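Dear colleague,

I am handing over the structure below, together with notes on what turned up when I went through it. Please read the notes beside the coordinates.

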Amino acid sequence: MSLWFELIASGLITGGIYAVVAIGLNLQYGLMRILNISHGEFLMLGAYLTWLAHTVLQVNPLAFLPVVALVMFVAGVLVYRLCFYRIVSTAPAVEVIEARSLLVGFGLLYLVQNLAYLAWGADLRGYSFLVETLEIGGARFNLNRVVVFGFAMAASLALLAVLRFTLIGKAVRAMMQSPTGAQLVGIDTKVLHPVVFGAGLALAGVAGALLSTVFEISPAMGEPYTVTALIVIVLGGLGSALGSLLGGFLLGLVETFGMHFTSPSLKMVLSYGVLIAVLLARPKGLFTR
Amino acid sequence: MSEPLLAARGVSVRFGGLVAVDGVDLDVRAGELVGIIGPNGAGKTTFFHTLSGVLAPTAGRVLVGGDDLTGKPPHAYAAHGVARTFQTPRVFKEMPAIDNVRFGLEFAGRTRQHAHDAFDEAETILEFLGLADVAAVPAGGLTPSRQRLLEIGMALGARPRVLLLDEVAAGLTHAEVDASAQLIRRVRDELGLAVVWIEHAVRVLMNYVERVAVLHQGRKIADGDPRAVAKDPAVVEAYLGEEGEPERRAA
Amino acid sequence: MNSRHALLALLAGGLALAALPWLLSDFLLALALSCVMYAGLAVSWSMFCGPTNYLSLATAAFFGLGTYVTAWGAGALPYGLSVLAGGLVAAGFAALIGAAVLHLRGAYFAVITFGMGELVRHGITYYEKAFEGTVGRIIAEAPESTTVYWMVLLVSMGAVAAAVLVRDHRLGLALRGIGSDEERAQTLGVNARRSKIAAFALSAFFAGALGAAMAVRWTYIDPLTVFNPFIGFQTVLIAMVGGAQTILGPIASAVVFGLLTEFLRLQFPYLFLVILGFLLILLVLYLPGGIASLFERWRWRRGNV
């Protein structure tokens, strides 16, 4: 019984992080058709910022989260304005936006990742934070993982609430359904696009900051998260934030259970297997009607 | 009477709970020019989608030249000689106009001959449509009304036996509508095609076709001589529900 | 330029390139090999993805499958035959996944082709570990480096020739129609499914054959090296930077990238990639049609003088 509980909890913890990373990427894609393949690099930047703040300035990583979010938000607005604005405003067709933004994403990936190598080298970095264990219902967890899960959930749910209940959130959801419809309502994409892009990177940065409290970090740490996020958003449906949240949990559970009952080396086979099975059976994603 | 070239047998299309087309029968023979009219949302275009394989009917069958093509992909319909235009012109925007016409000749029309071999050349088709001067212009750069004509050219390139025209007259001036209608009759006469022509603007159609079918809420409520159909109480009723008598509309 | 002229030009170029082993040092020949390989990969990618506007990230999977065919057949199959077999296996795999996923478009297709590649990589890793008790494989008997160069050149020339023939024949027209408006192309008689699968498999054949031909360059092969997503990304970059709608564009861009990569990467690995990333962003933003659009602009200007 406690094994099941432990596996489920551990799957949800992993899934929570996946969800935060995926929701940001999915919002950007759903709204602007920008598939930012360098998403994970900004997660990595968030992790390094937090690591620097903790080791150099002895700042508590959790207290530093708002700073990371703000810095990455500003970075996101800048990146959007410098790199993606021109593509979105000049491309003749949606497919062209997708192709060009993917290429620019590759460019950013090379640029950011290798700047990080130049700045901090290839060594793994880390620090210990809240390593005492916590016992819940007979299962034991490191406290930091539980805290990470809590914050990941809080961030995801806050975003879902913003999307559902605020004016800007409703606008974003309207635009994902029909760009022209939202224009009729008088929404200014010139403001909305950079804000949503910035919010996506802020989420990635927060995920990175949280991960740095649990795992060792390196300049290449972001890439696998981008790939996982892509899987999650396809699972949950492109453009659906709630779908990404559920997809994240699903993938976290599948990975944790699969690895426990087969072999850890099959982790990626499992996630891709799920992805392909879902795409073949429900091309629009699991949680879309 | 000759075998129908195109036959719809009890064709129905449902989207979820909505019935867009409801058990429609239609026979069209070679050399016939049949109009289909109906108020907005009568299911005209959806019905056309089933006749060209773009949409599979949820019930009923579609036969072309006696072969049952129900559920087959669009290219099978094209190979059997069904060619169509779309309500909003769908030309290959990046390709020169002449390649748009050549496209059908290379694929759907590859194994057939036109009654007139003059129509086996993309150049002749463009000339016939008065588009010879823009042969080399990418189709996306043409005016909407010329794109409409080019679409007819693309369909003719497919060396069709059945030509399905979806709202050729929309957005054209009276003179242009007249010219297009003359052209359609000429094509029909010279090549002996079966032509089915959907039009929202009823008056236009009534003047040019010998037979007209009326769709209303997905059902066929009349089929026959245009003058008789216009007086049919069910038809008048259907149009009164919308905006008035068929003859007065679009006038 | 019609097919015959293009093929003659290709033959002349190929013969000239075939003479390089007598003219170049070993280092420069390795450089030429890398350029020729990337040209072949980029041209084969553009063959399908250029006209149809599909974004395939499966190149690494095809390439890796090819290398593993050589590795598995080492000793049993002669070099030429492994190259052919590598191409055929990749083409078969492409036809299979193509039949399953070619109805998806845009980001979905990109993600799933990438996922397929990763699935094959991890699948092979698992198979080798579980059943063969090994992580990688050593290729003991490798042909001379000049033989490898000629083989890679031959396959790349084959890719260019195939691209020319596809472009000038019905398949190319069908693919352009599918890229422009798939349903419209179908109503004009194109069997879209068959055309896409055929072109996807053909393009995979060359990627797989190139992988099989290049396999002997590494003495040690493991899934992480040969299924390196970088190979796939690099191919897409080269093709799109060169202009995927053309044939000469990807070739020109492969030479530029190949030279840059080999010269700078070894000496300044990180700085090189920073610059590459920066250049890539600039190119996409300010020259979105690729290098090929420069030629077109130039030709257009000359024509208007």
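Which helix gives the largest share of the lining of the second largest pocket? That share, 7 residues, comes from helix α9 (residues 222-236) of chain A, where helices (H or I, at least four residues) and strands (E, at least two) are DSSP runs numbered from the N terminus.

Before the rest, the conventions: this is a predicted model, in which local features need pLDDT of at least 70 and side-chain atom pairs count only at pLDDT 80 or more, while totals for chains, interfaces and linings use all residues. Residues are numbered from 1 along each chain as its sequence is written, chains are lettered from A and ligands numbered from 1 in the order in which they are written, and side-chain values use heavy atoms, with hydrogens and water left out.

**Pocket and cavities**

The second largest pocket has a volume of about 1,300 Å³ and is lined by 46 residues, with Ala220(A), Met221(A), Glu223(A), Pro224(A) and Tyr225(A) lying nearest its centre. On a 1 Å grid over the protein atoms alone, a pocket is an open set of points with protein on both sides within 12 Å along at least five of seven lines, a cavity is a set where a 1.4 Å probe fits but cannot get out, and lining residues have an atom within 4 Å of a point. Grid points are joined across faces, edges and corners, and a volume is the space filled by probe spheres set on the points. The pocket lining divides into 28 nonpolar, 10 polar and 8 charged residues (Ala, Val, Leu, Ile, Met, Phe, Trp, Tyr, Cys and Pro count as nonpolar, Asp, Glu, Lys and Arg as charged, and the others, Gly among them, as polar).

The search of the whole structure also finds 4 cavities of 30 Å³ or more. The largest cavity holds about 80 Å³ of space, and α6(C) gives the most to its lining, with 4 residues; by class, that lining has 7 nonpolar, 2 polar and 2 charged residues. The second largest cavity holds about 50 Å³, and its lining has 5 nonpolar, 4 polar and no charged residues.

**A bent helix in chain C**

Helix α3 (residues 26-52) of chain C has 27 residues and reaches 39 Å from its first C-alpha to its last, close to the 39 Å expected, that expectation being 1.5 Å times one less than the number of residues. α3(C) bends by about 40° at Ser46(C), the bend being the angle between axes fitted to the seven residues ending there and the seven starting there. Of its 27 residues, 23 are buried, so α3(C) is largely enclosed by the rest of the structure (buried means under 20% relative accessible area, exposed over 50%, partly exposed in between, with a 1.4 Å probe and protein chains only).

**Salt bridges**

Over all chains there are 26 salt bridges, each a side-chain nitrogen of Lys or Arg within 4 Å of a carboxyl oxygen of Asp or Glu. In one of them, Arg33(A) pairs with Glu98(A), the closest N and O atoms being 3.6 Å apart. Arg33(A) lies in the loop between α1 (2-32) and α2 (39-57) of chain A and Glu98(A) in helix α4 (residues 94-120) of chain A, so the pair ties together parts that are 65 residues apart in sequence. Arg33(A) counts as partly exposed at 31% relative accessibility, whereas Glu98(A), at 9%, counts as buried.

Best regards
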